[in-house]
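Please work through each task before reading the solution.

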Amino acid sequence: MAHAAPTPGPAGSPGQGDVNPGQGNTNPGQGDINPWAASGIIFAGVLLLVDGVLGVIKGITGIATDDVYAHVRNYTFKFDVTSWGWIHLVLGIVLGIVGWGILKGAGWARATGVVFAAISLIINFIWLPYQPIWAIVSIAIDVFVIWALCTDRSKAVI
């Protein structure tokens, strides 16, 4: 009986003689890429953009008026609402730029995204008594962004 020739395509692709069909890439040294993390890096860029826009809105609101956010007494990290506004405005602009960089595929953006998402997480945790709902939403976004940017293994680590 005649044997069928292997299907054309890159070496290691399904249909080649050294790979079991349906098993995907079995080359040694390349781990399986978590599809949630691979897709998550794009979503992380979008979420950083959204978090940046939320930060800009929180910042403008805090700068424009002092009676929008709760006034907190006897709080260790108490700042003037206008100060919080400037903090959120600057951080929001930086997060938006980093999110755009991630979507453009810039090499500097992944590590910078992790750093600034962590800074945003800490700042929103400290800001929690002023606006709990906004802070919790931003914290959740930052946690996912950090996870997605740290778990994507589409490029070699070493």
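**Exercise 1. State which residues form the nonpolar patch on the surface, and which helix gives the most to it.**

Step 1. The nonpolar patch on the surface is formed by Ile42, Phe43, Val46, Val50, Trp100 and Leu103, which together have about 550 Å² of accessible area. Patches are made of residues with over 30% relative accessible area and no salt bridge, like charges being joined within 9 Å and nonpolar side chains (Val, Leu, Ile, Met, Phe, Trp, Tyr) within 5 Å. Areas follow the Shrake-Rupley method with a 1.4 Å probe, and for residues only the protein chains shown count as cover. A salt bridge is a side-chain nitrogen of Lys or Arg within 4 Å of a carboxyl oxygen of Asp or Glu.

Step 2. Two or more residues of the patch come from each of helix H1 (35-64) and helix H2 (81-104). H1 gives the most, with 4 residues. Helices (H or I, at least four residues) and strands (E, at least two) are DSSP runs, numbered from the N terminus.

The model is predicted: local features need pLDDT of at least 70, side-chain atom pairs count only at pLDDT 80 or more, and totals for chains, interfaces and linings use all residues. Residues are numbered from 1 along each chain as its sequence is written, and side-chain values use heavy atoms, with hydrogens and water left out.

**Exercise 2. Classify Ile42 and Leu49 as buried, partly exposed or exposed.**

Step 1. Buried means under 20% relative accessible area, exposed over 50%, and partly exposed in between (1.4 Å probe, protein chains only).

Step 2. Ile42 lies in helix H1; its relative accessible area is 54%, so Ile42 is exposed.

Step 3. Leu49 is also found in helix H1; its relative accessible area is 25%, so Leu49 is partly exposed. Leu49 and Gly99 are 50 residues apart in sequence, yet 4.9 Å apart in space, C-alpha to C-alpha.

**Exercise 3. Determine how many helices and strands the protein chain has, and what share of its residues is buried.**

Step 1. The protein chain contains 4 helices and 0 strands, in the pattern α-α-α-α along the sequence.

Step 2. Of the 158 residues in the protein chain, 32% are buried.
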